[in-house]
Amino acid sequence: LTHALACGAVASAQALQAETAARGQAKATRIEAEAGAEQARINADGDAHAEVIRARAQGEASRLVAEGGKAAADLLAGNKVAVELAKMDKSAQMIGKSDKLFFGQEPAYLANLVLKG
């Protein structure tokens, strides 16, 4: 009888130990899952924050470039020589390599050239 009781007590202790181990393993798994979820949330928040900072920086850079362009245009507009040089530069850009220009001393020169040509 003592042997049977001892075997029962050992079996009961083993069952209790297995139950305690299972509960501990379940708790560890739950803690690990919560930590993973928290890490994913932190990473997502960090990525979102970085994207906002990038967007603000791009907007600020665009604004600074626009302000610089406006300041340069204002400076050029105040200088007659610079305005004339800018006009000449744009005119030169519009003339193609295959375009032909005729410069004469009198207006009839081009008409005579075309008629005789």
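**Notes on the helices and their salt bridges**

1. Lys87 and Glu84 lie three residues apart in helix α2, so about one helical turn separates them. Salt bridges with shared partners also join Glu38, Arg41 and Asp45 into one network. A salt bridge here is a side-chain nitrogen of Lys or Arg within 4 Å of a carboxyl oxygen of Asp or Glu. The Lys87 and Glu84 side chains meet in one at 3.7 Å, N to O.

2. A word on the basis: this is a predicted model, where local features need pLDDT of at least 70, side-chain atom pairs count only at pLDDT 80 or more, and totals for chains, interfaces and linings use all residues. Residues are numbered from 1 along each chain as its sequence is written, and side-chain values use heavy atoms, leaving out hydrogens and water.

3. The protein has three helices and zero strands (DSSP runs, H or I of at least four residues for helices, E of at least two for strands, numbered from the N terminus). Of its 117 residues, 1% count as buried (under 20% relative accessible area; exposed is over 50%, partly exposed in between, with a 1.4 Å probe and protein chains only).

4. Arg41 is partly exposed at 42%, and Glu38 is partly exposed at 37%.

5. Arg63 forms a salt bridge with Glu60, with the closest N and O atoms 2.4 Å apart. These two residues are three apart in helix α1, so about one helical turn lies between them.
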